[in-house]
Amino acid sequence: KMAAAAGAAAAAGLWSEVNRCGQNGDFARALKSVNKILQINKDDVTALQCKVVCLIQNGNFKEALGVINTHTKVLTSDVIAFEKAYCEYRLNRIESALKTIQSASQQTDKLKELYGQVLYRLERYDDCLAAYRDLIRNSQDEYEEERKTNLSAVVAAQSTWEKVVPEDLGLREATYELCYNSACALIGQGKLNEAMKKLQKAEELCRQSLSEDSDVTEEDIEAELAIIHGQMAYIMQLQGRTEDALQLYNQIIKLKPTDVGLLAVIANNIITINKDQNVFDSKKKVKLTNAEGVEHKLSKKQLQAIEFNKALLAMYTNQADQCRKLSASLQSQSPEHLLPVLIQAAQLCREKQHAKAVGLLQDFADQHPANAAEIKLTMAQLKIAQGSVTKACMILRSIEELQHKPGMVSALVTMYSHEEDIDSAIEVFTQAIQWYQQHQARINHGCCVFQPKSPVHLSLIREAANFKLKHGRKKEAISDLEELWKQNPKDVHTLAQLISAYSLVDPEKAKVLSKHLPSSDTMSLKVDVDALENSHGATYVRKKAGKLTGDNQQKEQGQGEVKKKKKKKKGKLPKNYDPKVTPDPERWLPMRERSYYRGRKKGKKKDQVGKGTQGSTTTGSSELDASRTASSPPTSPRPGSGAAVSATSNVIPPRHQKPAGAPATKKKQQQKKKKGAKGGW
């Protein structure tokens with residue numbers, strides 16, 4: 001008895017310690033006291049509950065869940081359902097958490113809060129929205145603002161991932177979280193400018209709220225703003241401002257935020273901007289998408305987009321095996337999705353295996369008829385790239401839901417015209433027109449108000465008629481033109497075309513139809529001809545002048561003839577031209593081709609350079625003797641003497657004669673240039 005009393009006293013003291021530590025937030029110390037209590041009584045339900053709570057508060061979720069699973073007899077679902085579900089939620093066992101919540105006998109407010117979080121993680125947004133609405137309606141405490149923030153996040157997710165038009169919740173956007181979620185919802189609707197304004201407001205509110213706390217530094221504020229700036233950069237990217245977006249993305253990465261989900265999304269967006277360029281940067285950025293825990297931070301569509309981009313990057317970097325592996329994995333996860341098959345086909349085309357790529361696409365189209373249209377468009381593109389235009393046309397015509405579309409009709413007609421297959425082109429027009437006629441008949445049968453012919457239907461008939469007229473199918477064109485004229489008897493253009501076509505086939509019929517043309521008086525337009533001719537854009541401007549008499553008219557004509565004759569420009573003569581000297585008849589030939597060309601005098605300077613030993617000279621001693629040079633005859637004529645040029649000397653042609661004042665003028669020009677240069681510097 002004394003031992004039992006001592007144990008009870010010790011337990012009471014320990015419980016007091018647990019209570020005091022819990023109030024102070026010292027859960028590590030409280031856990032030690034709880035463990036001592038459990039040594040006294042291992043099946044104490046309250047002690048086990050306290051132990052689980054202490055472990056959760058310390059972040060030991062796995063150990064806490066182990067305690068719960070070990071003591072299932074004592075800790076029943078009614079007692080500890082919330083703690084168990086919360087541990088499973090934090091360990092990313094979302095499906096298990098949902099089962100635990102649903103199996104609880106009593107749905108407390110705590111379980112309802114957790115239920116909303118679990119539904120959001122499972123992307124069951126409709127159920128999540130209903131859960132949060134119920135919570136906001138039936139609870140009044142200090143967490144109302146957080147619930148409204150979560151509610152706005154659900155609406156933003158619906159708008160972004162499910163393309164649901166969000167309803168106005170009437171929430172007052174007093175916090176930056178609410179503004180941010182509202183901006184995300186606007187992005188989902190494509191209202192980018194409005195979303196950018198909301199994000200700017202969110203940034204202001206964030207700075208204001210954080211700057212009030214003196215312990216928060218500027219770095220902390222920038223880290224908190226990173227997600228807002230990331231969304232701003234995404235809007236810039238969607239608007240085509242890729243340089244601005246890239247700059248902002250890189251600024252966020254330099255901050256090294258702790259949110260691995262944010263870093264993964266930014267890295268993925270940078271990769272999409274780079275595409276097949278700057279591949280080295282993309283390979284660095286893709287590592288950020290492989291960080292631990294990314295799969296728990298992002299939605300399924302975000303993760304799928306990242307995997308698609310990884311496969312494309314592998315293709316751009318010529319990693320064929322890696323590309324095939326990633327795309328095959330994606331296809332196994334989403335068998336009905338188009339992108340994995342298209343990536344595989346693109347990789348095969350890069351390897352010049354076009355036939356295999358077409359076969360792969362054809363198999364997918366057969367297995368998934370709902371997505372066959374897009375696949376067949378890709379197949380047609382591959383056939384065109386191979387030069388098989390006719391086969392491409394056959395593939396396009398097999399897409400029944402697009403046969404009547406104006407774009408498809410235009411493409412087929414253009415391709416058949418390129419192949420000079422006019423009959424097939426006309427058949428395409430006929431099938432499209434018949435589709436509209438059948439569609440019109442179904443609507444009329446349903447007693448709905450419908451126009452006699454839709455604008456698209458009439459446009460197709462007109463284009464068919466024009467095409468047939470262009471290619472000489474007059475009789476076939478006439479039926480189309482008559483149909484158009486019946487629809488609008490006042491259409492003069494169609495009537496004129498019809499008369500033109502009949503004039504080549506049945507002239508009498510053309511005359512009868514021409515009676516329906518309006519008279520020239522009714523067709524006259526009130527146009528000021530003079531103003532039109534004198535307008536700025538007129539190619540011909542009439543000269544304003546009075547009537548001329550016969551003589552004046554002849555004079556004007558004579559003057560006109562004089563004006564028409566162009567004056568010949570005087571040819572430029574060379575500066576050294578001498579009219580007394582006969583010009584050289586060979587002056588137009590190159591110097592080498594002239595009869596008097598003797599070649600260049602080589603070795604003039606070389607002969608003067610000594611080639612012997614130092615001090616020796618190549619010239620004779622007689623040439624250097626001063627006494628001999630004095631008596632030697634002069635080598636050049638003296639001033640005042642007659643022409644001393646020998647008969648054997650060459651006559652310099654006028655083209656090569658230099659004027660007497662040429663050297664002097666040259667020196668003057670050089671001096672002027674020097675002066676100008678000094679002034680310039």
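Biologist: In this predicted model, is T100 buried or exposed?
Modeller: Residues are numbered from 1 along each chain as its sequence is written, and side-chain values use heavy atoms, with hydrogens and water left out. As the model is predicted, local features need pLDDT of at least 70 and side-chain atom pairs count only at pLDDT 80 or more, whereas totals for chains, interfaces and linings use all residues. T100 lies in helix α6 (residues 94-103), a helix being a DSSP run of H or I of at least four residues, numbered from the N terminus. Because buried means under 20% relative accessible area, exposed over 50% and partly exposed in between (1.4 Å probe, protein chains only), T100 with its 11% is buried.

Biologist: With which side chain does the side chain of T100 make a polar contact?
Modeller: Not counting residues up to four places away in sequence, T100 touches A81, K84, A85 and E88, where contact means heavy atoms within 4.5 Å. A polar contact is a pair of N or O atoms within 3.5 Å; within protein, one must be able to donate a hydrogen and the other to accept it, and residues adjacent in sequence count only if both atoms are side-chain atoms. At 2.7 Å, the partner of the T100 side chain is that of E88.

Biologist: What is the relative accessible area of A130?
Modeller: A130 belongs to helix α8 (residues 125-138). This residue is partly exposed, and its relative accessible area is 48%.

Biologist: How far apart in space are A130 and L151?
Modeller: In sequence, A130 and L151 are 21 residues apart. From C-alpha to C-alpha, the distance between A130 and L151 is 9.3 Å.

How values were computed
Helices (H or I, at least four residues) and strands (E, at least two) are DSSP runs, numbered from the N terminus.
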